[in-house]
Amino acid sequence: MSGRIVVAGASLGGLRAAEQLRAAGWTGGITVIGDEPHPPYNRPPLSKEVLAGKAAFASLALTPKASARDVQWRLGTRIVSARLARRTVELDDGSVLPYDGLVVATGMRPRRLGCPGPVAGRHTVRTIDDAQVLRDGLTRPGVRVVVVGAGFIGCEVAATAVGLRAAEVTVVDPLPLPMAGPLGELLARELRARHERRGVRFVLGSGVAGFEGGDRVTGVVLSDGSVLPADVVVESVGSVANTEWLDGNGLDLSDGVLTDGHLRVGGRPEVVAVGDVARFPNARYDGVPRRVEHWSVPADSARHAAKILVGGDTGLPPFAPLPTFWSDQHDVRLQSFGAPGLGLGDVRVLDGDLAGDVLVGYHRDGLLVGVVALGGPSAARAAARYRAELLKQPALTSQGALS
C-alpha cells in the first residue's frame, strides 16, 4: 500500500479512480494529471443546460469525496509519453514521474472535419471553454446555425439552439436518420419528427465538402455542391481517443486502449484503463471489446479497476457493467439502460406508444439486452422496472456468449 499511483486524466474518470483507489485500501500517494486548467467537472450539461444558460459553469464542479482530499492534482499539465517497462511518464515540462501503478483515464477529444475553409465560427462541445464560446455565438440575434453530425450531442445542440431562438437550425449528416446507429430506425424516425415539429431542419444523406467565408465561416458546402448559409457551425462528428502518449509500448491503440476483462492494459497488472478511452469486453454480453461513451462507465470502471490495481483479481468476476445514459432534447428526455446497439435487429415497443411516452426494448437471440425510454415520468418508471430485470440477468458469458 506504499508507493505512488499516477492517474493520467483529470476528468470524471480520473476523479472516480482516485476516490475508488482510496476505497479499495490504497494508502500510498496518488497523483492525478490533467491537461485542462479546471478541476474535474460534469460534462453532460455542457450541450444542454449550460449552453442554454439554465445552469452556471460553476455548478458543474465535482467535489472529491473526503477520503480522496489528500490526492495531488497537477492541472494544466500534459503527459507526453510513457515508458511502461520503466514505469515512468514524461510531462510536458520535461519532468519524469515514476509510478508503481498507472490508471489510463485520458478520455476522448472531438474529431474535427478536415475540409477546406475558414476555422473561425466552427465549434466543438467537449470542455467548459468550448461551451462558453459556443453560447456567445448562439445568442447573437438572427444567428444561422449548422450542426454537422446527427448523433446525440449534435441533436442536443440543435435543440438548445432552437430554444435560444436561433433564426435557422440545420442538422447535416450522411446517414439517412438521426441517432439511428445507437437507437435503430423506429426511435430515430420519431425523434426526427419531434425535432422538425420544433423547427429543426435536417439535411440527411449528404456530407460536408468544405466551408465558405473569409476570416470566418459564412456557409457550409455540401457534397452535392449546394451551400447552407451559416454564422455558427458545430462539428459533432465523433471522437478521437487521447492515446498518443502511450505510443511505443506495444499496445493495441486502434480504438482507445484495449484491455482484458479486468481492465488491465497490455498484460501488465500495474496498468489499468477506465472511462471512455478503455476498450473492454463486457462479460454481461459477449467477449467483443468495445469502448462505451456513457455517463455511467467512468464510475463503474474506476470501481473495478481500483480493486484490480490494489488487490488483484482473486475472486473478482470480470467487469460486467450495465451501461446507462440519458439525453435531453427539447422537452423530451431519452433514457437508456443496457446495450441497445446489440439488439437493433429485434426492436419492440414494450410500453406506451410512439405518439407519447414510450419504452422500446432491444433483443438479441431472444434476450432483452437494452431498453430506451422516451418521454416523461411514466416512461422513466417503466424503464426502471426493466433496468431491474436487466440487472438480474446473469452475465451471458457464463451462459454462452451471444452469437
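A: What follows is a short tour of a predicted model.

Q: How is the chain divided into domains?
A: There are three parts in the assignment: domain 1 takes in 4–107 + 242–311, domain 2 covers 110–237, and domain 3 covers 331–394.

Q: How many Å separate the centres of domain 1 and domain 2, and how many residues does the contact take from each?
A: The centres, taken over C-alpha atoms, are separated by 30 Å, and the contact is made by 14 residues from domain 1 and 15 residues from domain 2.

Q: What does UniProt list for residues 4–295?
A: An unreviewed UniProt entry gives "domain: FAD/NAD(P)-binding" for residues 4–295. In the model, that stretch is 18% helix and 31% strand, with its end C-alpha atoms 28 Å apart.

Q: And which residues does the "Reductase C-terminal" annotation cover?
A: That UniProt annotation, also from an unreviewed entry, covers residues 325–385. Over those residues the chain is 15% helix and 56% strand, and the end C-alpha atoms lie 16 Å apart.

Q: Switching to strands, what does β4 pair with, and in which sense?
A: Strand β4 (residues 79–83) pairs with strand β5 (residues 88–91) in the antiparallel sense, over four bridges, and within that pairing serine 81 has glutamate 90 of β5 as its bridge partner. The two strands form a hairpin with four residues between them, and arginine 87 in the turn has a positive phi of about 60°.

Q: Which strand is joined to β5 by three bridges?
A: That is strand β6 (residues 96–98), which runs antiparallel to β5. Glutamate 90, the bridge partner of serine 81, also stands opposite valine 96 in β6. β5 and β6 form a hairpin as well, again with four residues between the strands, and here glycine 94 in the turn has a positive phi of about 90°.

Q: What is the strand order in the open sheet of three strands?
A: The order is β18-β21-β22, and the pairing is mixed. β18 (257–258) and β22 (289–291) are the edge strands, each pairing on one side only. β18 runs parallel to strand β21 (residues 278–281), with two bridges joining them, and valine 257 stands opposite alanine 278 in β21.

Q: How many cavities of 30 Å³ or more does a search of the whole structure find?
A: The search finds one, and the largest cavity has a volume of about 30 Å³.

Q: Which residues line the largest cavity?
A: The lining consists of Leu191, Arg194, His195, Arg198, Gln329, His330 and Val332. Helix α5 (residues 185–197) contributes the largest share, three residues, and by class the lining has two nonpolar, three polar and two charged residues.

Conventions. Residues are numbered from 1 along each chain as its sequence is written. This is a predicted model: local features need pLDDT of at least 70, side-chain atom pairs count only at pLDDT 80 or more; totals for chains, interfaces and linings use all residues. Side-chain values use heavy atoms; hydrogens and water are left out. UniProt positions are given in the numbering used here, feature names are shortened, and annotations may be inferred rather than shown by experiment. Two strands pair if DSSP finds at least two bridges between them. Domain bounds come from an automatic or database domain assignment. Contact means heavy atoms within 4.5 Å. On a 1 Å grid over the protein atoms alone, a cavity is a set of points where a 1.4 Å probe fits but cannot get out, and a pocket is an open set with protein on both sides within 12 Å along at least five of seven lines; lining residues have an atom within 4 Å of a point. Grid points are joined across faces, edges and corners, and a volume is the space filled by probe spheres set on the points. Ala, Val, Leu, Ile, Met, Phe, Trp, Tyr, Cys and Pro count as nonpolar, Asp, Glu, Lys and Arg as charged, and the others, Gly among them, as polar.
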